[in-house]
Structures are given as structure tokens and as C-alpha cells.
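Please keep the sequence and the structure in view as you read.

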Amino acid sequence: MTARWLALVLLVACAEALHAGGEECMAGATTELERMYCRVVSEGQGGGLPSPADFKRNDPQVQALLLRRPAGRLGLEVPEPGTPAQADSNRSSSGAESEPARTGPQEDPPQSWLLADCRLEGQRIACPRRRYDLVSNQSNSQLAEGVLAEDNRLGLRPFEGNRDDSEAVRRYLSEAYDRYIPKMVDIGLGANTMSFTAFHNAFHTIEDGGVDFARRMERTFTLLKQDKKNLSVKARYHDELPQDLSLCTVINREIVVCDNVGTNWVYVSPSR
């Protein structure tokens, strides 16, 4: 059983409060990673990040891992761990704050150093302060209460941009994918997830057919939950494993996903 799920969580806040909060966050930042965190949150991409206090408690390598995807959506390069914050580095001679450098449209930035201190050990990714275990499909008795209920909806929003704008499409799908993976794990189908490439292709195939992607995915998720209630699933459908950490990317602090385009592997921290 192969499935797709897409959702975007919108954080609605007063613009003035957001600006004030951003300034307060920046004032307390002592490293470039902390400044990047503040920037990401202020631009509405911090939904999957911990609170500022919890973010600071993580070591720099973990902070960089957490920031990789949300910063990438904004076209921002994650600074290397240990770089001190430069309070005036983003201000021009006139005192006006300038925009940080952006990398422009691209695939996930090649930042293999983000996993430099981790080791891929087959069914486990071992990092200095955390480990991630390869997930299998789970029986319903192992699931949290209510995850298969009717009211556990996807909440998808339609794509409203120009599909010829590849950057806008990828940003939309990247946000969706970060939500899709955890939700598939929640309903016990972590071993049946699509690679990001397959996710991207499904979007275009469905939209090319004149069907709203969000609506189709909502229906698909409903059917998946119904099938999960009534049908048994294998724990895994193959024994293949990723060969290198360069195939892996961070979804959030609890989940790492690896893929070789054709095959997807989801690794989850036991603390999740």
C-alpha cells in the first residue's frame, strides 16, 4: 500500500507582535545559528522547531540539523556550527537592515557536514546525543488512540501559485512533505512513504489531470485509515537499506528520511 499526504500548518499572528518577537529573539542570539533560528521563525517557517529556550539547549550540530529544511525553504544557507553572531553584519552603512544572502532556487543545499558526527549503521543512525531507528509499519495496537478516527484529517490547502514557478512549487511541497512523513508514521505506515521525488511527481500528475491535489490527498488519507483498520500490513516490503548518509535529510528533530529516489527509509528517534 503506497500513500501520500500533504498539509501545511499556518501560524496566524499579528504582524506587529511578530516583528517585536523577532527583535527580542535577535537580541538574545549569541551565535549565527541562533540568529538563523530567529529569522526562520519570524518568516513563518518555525512550525516544526522547538521554543527558543529549548533550541539553545541543543548542541550546535543538532541546531543545524533542525534548521536545514526550514531555512532551505527560504533560500537561506545554514551557518556552520560555532560561528559567533555578528550583530551588525546585516546592516548597511545607512543603518538599514539588508536581506540575508539567498541561494536562489535549488535542491536541498549540499550540507553533508550536518550529519558529519552521525553514523549510518544499517537500521540505525547514531548521533552524539540522539539515535534514529528505522521504522516499520505498525499494527493498530501499537498506534496512539484516535489516529485512525474520522476527525484525524489532513487539512490540506490547495496550491494557489503558478505551477510553472518551480521554486514556489518546491517550497509548497517541501512544507507538505515535512508534515506528510510524521503523519504516515502516526498511522503506522512509516514503511510505505514516498520519496520526495515521487511526492513531487504525484503533485504534477494529479494537477495535470485537472484534479485538486489537496482534495485528492484528503480522500487518499481517509481511505488509508479505513484500510488500516481492516487490513493487515507487512512490517516491511524489502530488505534494502540506504548506503550512505548523503542520501539522508532531517524532517524534524525526531525524524530523518533517507532515499535513493526510488526507495524511501524513515528513521525515528525513540523519544518521539
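**Exercise 1.** At roughly what angle do the axes of helix α2 (residues 32-42) and helix α4 (residues 60-73) cross?

Solution. In this predicted model, the axes of α2 and α4 come within 10 Å and cross at roughly 30°. Angles under 35 degrees count as roughly parallel, and α2 and α4 are therefore roughly parallel to each other. The crossing in which α2 passes α4 is left-handed.

**Exercise 2.** Is T193 buried or exposed, and which residue does its side chain touch in a polar contact?

Solution. Begin with the position of T193, which is in the loop between α5 (166-186) and α6 (196-208). The relative accessible area of T193 is 11%, and since buried means under 20%, T193 is buried. The side chain of T193 makes a polar contact with the side chain of N264, at 2.9 Å. Once neighbours within four places in sequence are left aside, T193 is in contact with Y180, I181, M184, N264 and V266.

**Exercise 3.** Where does V261 lie, and what is its phi?

Solution. V261 lies in the loop between β5 (255-259) and β6 (264-268). Most residues other than glycine have a negative phi. V261 is not a glycine, although its phi is positive, at about 80°.

Conventions: Residues are numbered from 1 along each chain as its sequence is written. This is a predicted model: local features need pLDDT of at least 70, side-chain atom pairs count only at pLDDT 80 or more; totals for chains, interfaces and linings use all residues. Side-chain values use heavy atoms; hydrogens and water are left out. Axes are lines fitted to C-alpha atoms, for helices over the stretch in contact, and angles run from 0 to 180 degrees between N-to-C directions. Helices (H or I, at least four residues) and strands (E, at least two) are DSSP runs, numbered from the N terminus. Angles under 35 degrees count as roughly parallel, over 145 as roughly antiparallel, 65 to 115 as roughly perpendicular and the rest as oblique. A crossing is left-handed if the near helix is turned anticlockwise from the far one by less than a right angle, and right-handed if clockwise. Buried means under 20% relative accessible area, exposed over 50%, partly exposed in between (1.4 Å probe, protein chains only). A polar contact is a pair of N or O atoms within 3.5 Å; within protein, one must be able to donate a hydrogen and the other to accept it, and residues adjacent in sequence count only if both atoms are side-chain atoms. Contact means heavy atoms within 4.5 Å.
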